[in-house]
Amino acid sequence: MALLCRHVHVLWLVNMTSAGEKQHYALVLVNYLFDHLPATMTVGLLHDIGCQLERSCCKWKLLDDGILSRLKFGISVFHAYGHQWPCQIVYHPHKCVGFGLSDGEGCERLWSSLKMLIPI
């Protein structure tokens, strides 16, 4: 799993040791990011399942309140259009203030560029 900035530059990578998109991988990356940011900085996080990640963080207190209050969750564009989720309007990056024209598909482009390194 990778954490990229809005300019599609890799910030950190996490080696996934189990199949599927487990939330703890994303949470580790978010915690690590906030360890390196000023305490006043707000972050917009586009994730394939951003609405579920936010819901889990609020329900189970998976992130510190100091971090959670500085996070704005969104769904990457492909997933926002691909599903008829009730939350797609609230989490669509083009309809949320602060995301601009970011599409959240930087990781997909990264994996596409690295596919020749992955054995079949």
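## Close-up views of a predicted model

View 1. The buried residues of helix 2 are Gly50, Cys51, Leu53, Ser56 and Cys57. Here buried means under 20% relative accessible area, exposed means over 50%, and partly exposed lies in between (1.4 Å probe, protein chains only). Helices (H or I, at least four residues) and strands (E, at least two) are DSSP runs, numbered from the N terminus. The model is predicted: local features need pLDDT of at least 70, side-chain atom pairs count only at pLDDT 80 or more, and totals for chains, interfaces and linings use all residues. Residues are numbered from 1 along each chain as its sequence is written, and side-chain values use heavy atoms, with hydrogens and water left out. Helix 2 is followed by Lys61, which has a positive phi near 55°. Lys61 sits in the loop between helix 2 and helix 3. With a relative accessible area of 58%, Lys61 is exposed.

**View 2. Val8 in a loop.** Val8 belongs to the loop between strand 1 and strand 2. Its phi is near 65°, a positive value in a residue other than glycine. Val8 has a relative accessible area of 34%, so it is partly exposed.

**View 3. Helix 1 and what covers it.** At 1.5 Å a residue, the 13 residues of helix 1 should span 18 Å, and its end C-alpha atoms are 19 Å apart, which agrees. The expected span is 1.5 Å times one less than the number of residues in the helix. Which residues of helix 1 are buried? They are Tyr25, Ala26, Leu27, Leu29, Val30, Leu33 and Phe34. The cover over the buried residues of helix 1 includes strand 1, strand 2, strand 3, helix 2 (50-60), helix 3 (65-68) and strand 4 (71-75). Val28 also lies in helix 1, but Val28 counts as partly exposed because its relative accessibility is 47%. From C-alpha to C-alpha, Val28 and Ser113 are 24 Å apart in space, and they are 85 residues apart in sequence.

View 4. Leu33 is a residue of helix 1. Why does Leu33 count as buried? Leu33 counts as buried because its relative accessibility is 12%. Not counting residues up to four places away in sequence, Leu33 touches Leu3, Leu11, Trp12 and Val43. A contact means heavy atoms within 4.5 Å. Leu11 is 22 residues from Leu33 along the chain, and their C-alpha atoms are separated by 8.5 Å.

**View 5. An aromatic pair.** A pair of aromatic rings is described by the distance of the centres and the angle of the planes. Rings of Phe, Tyr and Trp (its six-membered ring) pair if their centres lie within 6.5 Å; planes under 30 degrees apart count as stacked, over 60 as edge-to-face and the rest as tilted. The count by this rule is one aromatic pair. It is formed by Trp12 and Tyr32, which are edge-to-face, with 4.8 Å from centre to centre and 85° between the planes. The pair links distant parts of the chain, 20 residues apart: Trp12 is in strand 2 (residues 10-13) and Tyr32 is in helix 1 (residues 23-35). Trp12 is partly exposed, at 24% relative accessibility. Tyr32 is partly exposed too, with a relative accessible area of 39%.

**View 6. The largest pocket.** The largest pocket holds about 900 Å³ of space. On a 1 Å grid over the protein atoms alone, a pocket is an open set of points with protein on both sides within 12 Å along at least five of seven lines, and lining residues have an atom within 4 Å of a point. Of the 33 residues that line the largest pocket, Leu3, Leu4, Leu46, Gly104 and Cys107 are the closest to its centre. Strand 1 (2-4), helix 1, strand 3 (43-47) and helix 6 (106-114) each supply at least two residues of this lining.

**View 7. Leu46 and its contacts.** Leu46 is part of strand 3. Not counting residues up to four places away in sequence, Leu46 touches Gly74, Ile75, Pro93, Phe99, Ser102, Asp103 and Gly104. The C-alpha atoms of Leu46 and Leu33 are separated by 14 Å, and the two residues are 13 apart along the chain.

Note on methods: On a 1 Å grid over the protein atoms alone, a cavity is a set of points where a 1.4 Å probe fits but cannot get out, and a pocket is an open set with protein on both sides within 12 Å along at least five of seven lines; lining residues have an atom within 4 Å of a point. Grid points are joined across faces, edges and corners, and a volume is the space filled by probe spheres set on the points.
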